[in-house]
Amino acid sequence: MEVKNTFAQNLAKFRKEKKISQIQMAKLLEEKLKTPISNSSISHWEKGDYIPSVDVIFAYCDILEISANDIYGTTEKDDSVKQITPTEHLQLSLESVGISKSDFDKLSSEEIDIILANAKSLAESFIGRK
């Protein structure tokens, strides 16, 4: 998928532009998110094996002083911006754990809303534990 490949390539590109190693990036993310992040996770994200969670993406962007649109490569040449919706992010995330786009496309909008609500609830429960 083009967005997924661009996303992975941009993670590496922007990190390297700031002259930050994968090990340093993992430590910076750990400090910012107060959760363990391994340099192998950084490697998997940059190879496109997995898509990080939204909170990791925003932390990544904050550390590198870029926008999520920069990471996703969604700024068009005419400077108009294509927004990545929560549904598109969910589809990419599920694809990274083995759910194909064709299987994702079989989900109804109600089922997608339930998945997003459960993800939000789960994230809030983890955040509440900290």
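Of the 130 residues of the protein, 32% count as buried (buried means under 20% relative accessible area, exposed over 50%, and partly exposed in between, with a 1.4 Å probe and protein chains only). This is a predicted model, where local features need pLDDT of at least 70 and side-chain atom pairs count only at pLDDT 80 or more, while totals for chains, interfaces and linings use all residues. Residues are numbered from 1 along each chain as its sequence is written, and side-chain values use heavy atoms, with hydrogens and water left out.

## Exercise 1: the overall picture

Describe the secondary structure of the protein, its contacts and its accessible surface.

*Solution.* 
- Step 1. Start with the elements: the protein has eight helices and zero strands (helices are DSSP runs of H or I with at least four residues, strands are runs of E with at least two, and numbering starts from the N terminus).
- Step 2. Reading along the sequence gives the pattern α-α-α-α-α-α-α-α.
- Step 3. Turn to the contacts (heavy atoms within 4.5 Å). Taking those between residues at least 6 apart in sequence, 57% join residues at least 24 apart.

## Exercise 2: helix α2 from end to end

*Solution.* 
- Step 1. List the buried residues of α2: Met25, Ala26, Leu29 and Leu33.
- Step 2. Recall the geometry: an α-helix has 3.6 residues a turn, so residues three or four places apart point the same way.
- Step 3. Check the other side of α2, where Lys27 and Glu31 are exposed.

## Exercise 3: two lysines with positive phi

What is the phi of Lys19 and of Lys34, and where does each residue lie?

*Solution.* 
- Step 1. Lys19 has phi near 55 degrees, a positive value in a residue other than glycine. Its place is the loop between α1 (2–17) and α2, and at 72% relative accessibility Lys19 counts as exposed.
- Step 2. Lys34 also has a positive phi, near 55 degrees. Lys34 follows α2 and lies in the loop between α2 and α3 (39–47). With a relative accessible area of 65%, Lys34 is exposed.

## Exercise 4: salt bridges

How many salt bridges does the protein have, and which parts of the chain does the pair of Asp62 and Lys32 link?

*Solution.* 
- Step 1. Apply the rule: a side-chain nitrogen of Lys or Arg within 4 Å of a carboxyl oxygen of Asp or Glu. The count comes to six salt bridges.
- Step 2. One of them joins the side chains of Asp62 and Lys32, at 2.6 Å from N to O. This pair links distant parts of the chain, with Asp62 in helix α4 and Lys32 in helix α2, 30 residues apart.
- Step 3. Asp62 is partly exposed at 46% relative accessibility, and Lys32 is partly exposed at 41%.
- Step 4. Another bridge pairs Asp105 with Lys101, at 3.0 Å from N to O. Both lie in helix α7, four residues apart, about one turn of the helix. Lys101 is partly exposed, at 39%.
- Step 5. Asp103 and Lys106 also meet in a salt bridge, at 3.3 Å from N to O. Asp103 counts as partly exposed at 38%, whereas Lys106 counts as exposed at 65%.

## Exercise 5: a surface patch

Which residues form a nonpolar patch on the surface, and where is Ile99 placed?

*Solution.* 
- Step 1. Patches are made of residues with over 30% relative accessible area and no salt bridge, joining like charges within 9 Å and nonpolar side chains (Val, Leu, Ile, Met, Phe, Trp, Tyr) within 5 Å.
- Step 2. Tyr50, Val97 and Ile99 form the nonpolar patch, with about 270 Å² of accessible area together.
- Step 3. Ile99 sits in the loop between α6 (86–96) and α7 (101–105), and counts as partly exposed at 34% relative accessibility.

Terms used
Areas by Shrake-Rupley, 256 points an atom, 1.4 Å probe, with all protein chains shown as cover.
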